[in-house]
Amino acid sequence: MSVPAATGSVGAAGSAHRDRLVQAMITLVAERGYAAVTVADVVAAARVSKRTFYQHFSDREDCFLAAYVTAAEQPLTRIAEAVAPVVEAAPGAATPSLADEVTAGTSAYLAALAEQPALTRTLLTEINGLGARGWRVRREVLNRFAEQLSALIALGAARWASGESGPAAVPELAGVRGLPHPTALALVGGINELVLDAVEDGRGDRLGELTPTVTELILAVIDRTARPEG
């Protein structure tokens, strides 16, 4: 994934300054919305100079796009953390069923988004107003999500097929090596739309309520992938 690049040299201190600027942008955007945030606001919140800001970012939009990427990474990290005990389990260890594993990852993702509903709404909507560059960064984030989802399914397929992951084997998954990329991309796009609909409806702090729907959707796509002629 390409992240908006710094415009100056980055040492340890420079990296810390950049991180503070990105976190300041995330906080301010969640509080006010992108349109109301200025470079002056960001440097004041980050406690750095404007000169430091422009060493790392070409303009306000550049900083916002970096904040978008950083904020988008956090829910993906939570998914990985949620399924890590299963992925890293010793052979023969008792692990969850297909449905339970998908539910765990889904729940972790939605919980991360629900922690900052105002930020989630802003990121999902404001990125669309930044033109071609915003669309490119959004596409890269969605592609990363799709790739991670497909990789996790590929990792679990052998366990699920043999029944190693629980009492119910799913032999049809024996040949599954993840999801076709267009399928995975359509899936994550659909999940994002469900999240945005809930946030716009005032349910941003209750995104966990979507867990059954999203889990069912993912399981249906996995089943269709495993039974292409079904």
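Modeller: Start with R203, whose side chain meets that of D197 in a salt bridge, with 3.7 Å from N to O. This pair counts because the distance is within the 4 Å limit for a salt bridge. R203 also meets D201 in a salt bridge, at 3.0 Å from N to O. D201 is exposed, with a relative accessible area of 54%. Keep in mind that the model is predicted, and that the values here are computed from it. Side chains of opposite charge can pair when their charged atoms come close.

The structure holds 9 salt bridges. Another of them joins R78 to E115, with the closest N and O atoms 2.8 Å apart. R78 is partly exposed, at a relative accessible area of 28%. E115, at 51%, is exposed, because the limit for that class is over 50%. Salt bridges also link E61, D62 and R133 into a network.

To place these pairs, consider the chain as a whole. Its secondary structure comes to 9 helices and 0 strands, and from the N terminus on the elements run α-α-α-α-α-α-α-α-α. The chain has 230 residues, and buried ones make up 45% of them. Among contacts between residues at least 6 apart in sequence, 72% join residues at least 24 apart.

Rolling a probe the size of a water molecule over the atoms shows where empty space is left. The largest pocket holds about 390 Å³ of space. It is lined by 23 residues, and those nearest its centre are A71, A72, P75, L113 and L123. Helix α4 gives the most to this lining, with 9 residues. At least two residues each come from α4, α5, α6, α7 (131-162) and α8 (181-200). By class, the pocket lining has 15 nonpolar, 5 polar and 3 charged residues.

A search of the whole structure finds 1 cavity of 30 Å³ or more, and the volume of the largest cavity is about 240 Å³. It is lined by 17 residues, of which I79, V102, G105, L149 and L152 are closest to its centre. Helices α4, α5, α7 and α9 (211-226) each supply at least two residues of the cavity lining. That lining divides into 13 nonpolar, 3 polar and 1 charged residue.

Helix α5 contributes to the linings of both the pocket and the cavity, and A99 has its place in this helix. A99 is partly exposed, at 31% relative accessibility. Leaving aside neighbours within four places in sequence, A99 is in contact with T215 and L219. A99 and L219 are 120 residues apart in sequence, yet their C-alpha atoms are 7.2 Å apart in space.

Two residues from helices not yet described complete the picture. D41 is found in helix α2, residues 39-46, and counts as partly exposed at 22% relative accessibility. The side chain of D41 reaches the backbone nitrogen of T38 at 3.0 Å. Beyond neighbours within four places in sequence, D41 is in contact with L28, R32 and A36. L28 is 13 residues from D41 along the chain, with 8.0 Å between their C-alpha atoms. T52 is found in helix α3, residues 50-56. With a relative accessible area of 13%, T52 is buried, because that class covers values under 20%. Not counting residues up to four places away in sequence, T52 touches H17 and L21.

Definitions and conventions. Residues are numbered from 1 along each chain as its sequence is written. This is a predicted model: local features need pLDDT of at least 70, side-chain atom pairs count only at pLDDT 80 or more; totals for chains, interfaces and linings use all residues. Side-chain values use heavy atoms; hydrogens and water are left out. Buried means under 20% relative accessible area, exposed over 50%, partly exposed in between (1.4 Å probe, protein chains only). On a 1 Å grid over the protein atoms alone, a cavity is a set of points where a 1.4 Å probe fits but cannot get out, and a pocket is an open set with protein on both sides within 12 Å along at least five of seven lines; lining residues have an atom within 4 Å of a point. Grid points are joined across faces, edges and corners, and a volume is the space filled by probe spheres set on the points. Helices (H or I, at least four residues) and strands (E, at least two) are DSSP runs, numbered from the N terminus. Ala, Val, Leu, Ile, Met, Phe, Trp, Tyr, Cys and Pro count as nonpolar, Asp, Glu, Lys and Arg as charged, and the others, Gly among them, as polar. Contact means heavy atoms within 4.5 Å. A polar contact is a pair of N or O atoms within 3.5 Å; within protein, one must be able to donate a hydrogen and the other to accept it, and residues adjacent in sequence count only if both atoms are side-chain atoms.
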